Amino acid sequence: MRTRCIVDYGDYESVMGLEVHAHLLTDSKIFCGCSTAFGAEPNSHTCPTCMGLPGALPVLNKKVVDFAIKVGLALHCGISNKSIFARKNYFYPDLPKGYQISQYEEPICTDGYLNIYTDGEKKRIRVNRVHMEEDAGKLVHENTIENSAYSMVDYNRSSTPLLEIVSEPDIATPEEAVTYLKMLRDILLYLEICDGNMEEGSFRCDANISVRKKGSDVLGTRTEMKNLNSFRHVEKSLDYEIERQITLIKKGGQVIQETRFFNADEGVTYSMRGKEEAHDYRYFPEPDLLPIIVDDKWIEEVRKTLPELPMEKMERFMDEYSLPKYDVEILASDKELAHYFEETIKLFPEPKTVSNWIMTELLRELKDGNVSPKDSLLPPAHLAELLTLMKDGTISIKIAKEIFPEIYKTGIAPKKLVEEKGLLQISDESTIMKTINEVIARSPKELADFRAGKEKLLGFFVGQVMKETKGQANPKLLNELLLKRLKGE
Amino acid sequence: MENILDMTITELKGLLRKKEISSVELTAFYLERIKKYDGEILSYLRTTEDYALDMARQADTKIAQGEDAPLLGIPFGMKDILCTKGIETTCASKILKGFIPPYNATVIEKLNQAGYVHLGRLNMDEFAMGSSTENSAFQTTKNPWDVSRIPGGSSGGSAAAVAAGLCVASLGTDTGGSIRQPASLCGVVGMKPTYGRVSRFGLIAFASSLDQIGPLSRNVSDCATILNVIAGYDPLDSTAIPQKTPDYAASLGQDIKGLRIGIPREYSIEGIEPDVKKAMAESISLFEKQGATAVDITLPHTEYAVATYYIICTAEASSNLARYDGVKYGFRQTGKDIIDMYKKTRLKGFGKEVKQRIILGTYVLSSGYYDAYYGKASKVRTLIRRDFDEAFKKCDIVVTPVSPTTAFKTGERTEDPLTMYLSDIFTIPVNLAGLPGLSIPCGFDAGGLPIGLQIIGQPLDEARMLQAAYVFETERKVKKIPDKYSAKT
């Protein structure tokens, strides 16, 4: 396996544009009423339309248009009042009609942008278009495609709805590409129109990449990278491809415009030249569907349903709660987590403390159990309660951290647990003093050493007292009292 | 009893209601005639005798129970292009041999609701591509008026079966004249409704933006009765017009006083046979005698219609026929790999004319040629539509010949596709403009071959066209069935 290599770009710079295919979370397919549910018996979610039977016709699912408008608005695109579907013609067994219904000229959304943070700076990546299209079916093989005697086709996925989101070549580095993809994915998740799962292919990415001499305003010949099904693959394949192209040009060679396939195991890209390349898709307007007319009223109705988006939320959190960028990037990357945060600070208005606890204790537990913040057994009210107990000295930090897993897993209120287990912090001077005196009484040698100047023995006495009080002694008070007593004041 | 071959559906239903004949008897009568005469005419690809008699029995039961439906117990022939659940539907192509649709076309659903009886599948040019029914993969249908001649096409089987009295009526489809031209050459009534008036769901597509289903019958009354059943909005066809349909049959019998009849200047072309010209002139004066006025109109872009049509229809066909790839249904010729299988299947499965048109359509959509061909054709199509819009400011209907000539000899033009294409000059503009067109018999040439008159109407103005046709038919009694086949048995 090839390890990542940071290329010396020398006089060169790289230019990238990304095409993202997002599977939409509609209940039914884009052109028929069949279910989009995943994992059903092969070919059980099919009908004459999505099987491409002779004479069957497509009828547009309006929900897909709603979703496309949503994404368009979130990406600051213009929404076309009239857009059209087109047929993209090619032969493949998973494509039952011999053409894919897509949009070509006149897509529904055009000319938008998405802001990302790169090296602490805000950068605008322009979005060329967002368009609607149908997915193809799936070839299934008994073993691998190479050693199967035949292929089987499952058309359950055929005609499930996709949005294609195409960026302009505004992306300069593989890191930026990943940042852009993460931000785009966060937006789709915020809009609740895509589950964002890259491994299962519901959020797929193809990358166009070229290199050129620094300062040039002419784009070099690009290659198109396919099969990038994780953020890591995107970064690795782009790194590899930039190095390959620069090395090639430096040697006096020329980049060929082609599609390349990323092999994740080897960490290299391969040319897919040949049958894939000669495609002329012969696009023409789909005669079975009328133009999609979206009036301003429709657009405004959709606009009303838009939530606060990740970038706006990040900026507001920094502004309103004075949180560092690192914190807000984590909190705002997930709408549910951001909501959890805001619910908690309503009850415990110390944003940074809440943020720290969410980013460490809570996120660790959520990730371990693969649980969404909204399904957490520990509601914001419990976290606030825990932090309040800590703040007013009822329990120590140590106890708070210790009991966190239990209150997370059981859903029991922190106060109740603390009481039941007798974990209340001891803040009574005489009780603490009594233990201090006991410890000192049985440690004459340590006392003498301390008084002779070995001040680091303070730790020893703190430890002993804590041990006796099972960690419940108020640490601040204990320190004060112990010092006084040791110094014989 | 009067010859039941001369009766309208309304009259036949009277006999059925009065139990003077049963639907089973009527169905058996037609099945007998098919056995007796169709060996010569070859209009049916297959009869569905058991299915027909079963439907007839069900109709008789309903009649006995006093139920009524618009076509209850009436035997029909069906162009083999309309998907019928459980009945082999081939489009007269080897590639669909054995294909049994699991669903009904919307028109078939509507005919079922109306109580019709399905006698069998009628021959046609393969995938409706042709004007003579010589392009069927299975048999060449003969013209009942002269069996050495073609019946027209592509709905040649539908027209010949009606003309020879082998069904009460039939359905055909019309992309560039495929109902009107065979109706004209076989001396029957045929109508192509406004594009979108009748649902195309389940019609095996040739050219989606031009195809339309319509009736062929021996009289205008039946045409109106059938149109009443099949017309109307269908949520399964996005191009179906969401408007209520009038009662076409009820509106028959009104006079045509003051009706303005447009006679297009550009349709006086060379190559119109003198007998056709003469029949036209007589027809116009008949209309005038009934109180109509003839108006000179101009359709300036007529000369581009045939070229425009052959670009648009072949482009759409090349895409529509891509689904016949041997993967899912119909004919498959195995190959050494998938590409080889595609090639062999399509090479052997499609006939010459179909392949010719797929190649032409593929060419005109190809990158680099699109603007010059498909793009320009789409613009000319708009101009042709505007010609009619302008013309209809001066007239209510347009009257033209259907075909410049009467039926030609079988085999006479198979080697000369251009002449064959040009013979559709009067019907093609109607499809390009999406207008309704009707063919009605207006006489015979010196050789005793039928001549058809075309009435072109404004969008959704079928009722007025049928009224004019009904007046014409009442005034000009034309023999509908050749003597040879007009025996009462």
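In the predicted model, B:Asp483 counts as exposed because its relative accessibility is 55%, above the 50% limit for that class. The side chain of B:Asp483 meets that of B:Lys479 in a salt bridge, with an N to O distance of 3.5 Å. B:Lys479 is partly exposed, its relative accessible area being 41%.

A further salt bridge in chain B joins the side chains of B:Glu282 and B:Arg476 (3.3 Å, N to O). This pair connects distant parts of the chain, 194 residues apart: B:Glu282 belongs to helix α8 (residues 274–289), and B:Arg476 to the segment after α15 (462–475). Both residues are classed as partly exposed, B:Glu282 with a relative accessible area of 32% and B:Arg476 at 25% relative accessibility.

Over all chains, the structure holds 55 salt bridges. One of them, in chain A, is formed by the side chains of A:Asp327 and A:Lys352 at 2.7 Å, N to O. Here too distant parts of the chain are linked, with A:Asp327 in helix α6 (residues 325–332) and A:Lys352 in helix α8 (residues 351–369), 25 residues apart. A:Asp327 counts as buried, since its relative accessibility is 2%, whereas A:Lys352, at 37%, is partly exposed.

Between chain B and chain A, 1 salt bridge is counted. B:Arg200 pairs with A:Asp288 in a salt bridge whose closest N and O atoms are 3.0 Å apart. These two residues belong to a salt-bridge network that also includes A:Arg87, A:Glu286 and B:Asp237. At the interface, 39 residues of chain B are in contact with 31 residues of chain A. The two chains bury about 2,700 Å² between them, and 60% of this area lies on carbon and sulfur atoms. On the chain B side, B:Ser238, B:Ser319 and B:Arg323 lose the most area to chain A, together accounting for 22% of what that side buries.

The largest nonpolar core comprises 161 residues, and B:Phe127, B:Phe287, B:Ile455 and B:Leu466 have the most contacts inside it. Helix α9 of chain B (residues 305–320) supplies the largest share of this core, 9 residues. Beyond its neighbours within four places in sequence, B:Phe287 is in contact with B:Ile256, B:Ile261, B:Ala292, B:Val399, B:Leu453, B:Ile455, B:Ala468 and B:Phe472.

On the surface, A:Val140, A:Tyr150 and A:Met152 form a nonpolar patch with about 250 Å² of accessible area together. A:Val140 lies in strand β8 of chain A (residues 138–140) and is partly exposed, at 34% relative accessibility.

Key. Residues are numbered from 1 along each chain as its sequence is written. Chains are lettered from A and ligands numbered from 1 in the order in which they are written. This is a predicted model: local features need pLDDT of at least 70, side-chain atom pairs count only at pLDDT 80 or more; totals for chains, interfaces and linings use all residues. Side-chain values use heavy atoms; hydrogens and water are left out. A nonpolar core is a set of buried Ala, Val, Leu, Ile, Met, Phe, Trp, Tyr and Cys residues joined through side-chain atoms within 4.5 Å. Buried means under 20% relative accessible area, exposed over 50%, partly exposed in between (1.4 Å probe, protein chains only). Helices (H or I, at least four residues) and strands (E, at least two) are DSSP runs, numbered from the N terminus. Contact means heavy atoms within 4.5 Å. Patches are made of residues with over 30% relative accessible area and no salt bridge: like charges are joined within 9 Å, nonpolar side chains (Val, Leu, Ile, Met, Phe, Trp, Tyr) within 5 Å. Accessible areas come from the Shrake-Rupley method with a 1.4 Å probe; for residues, only the protein chains shown count as cover. A salt bridge is a side-chain nitrogen of Lys or Arg within 4 Å of a carboxyl oxygen of Asp or Glu. Buried area is the accessible area (1.4 Å probe) that two parts lose on being put together, summed over both.
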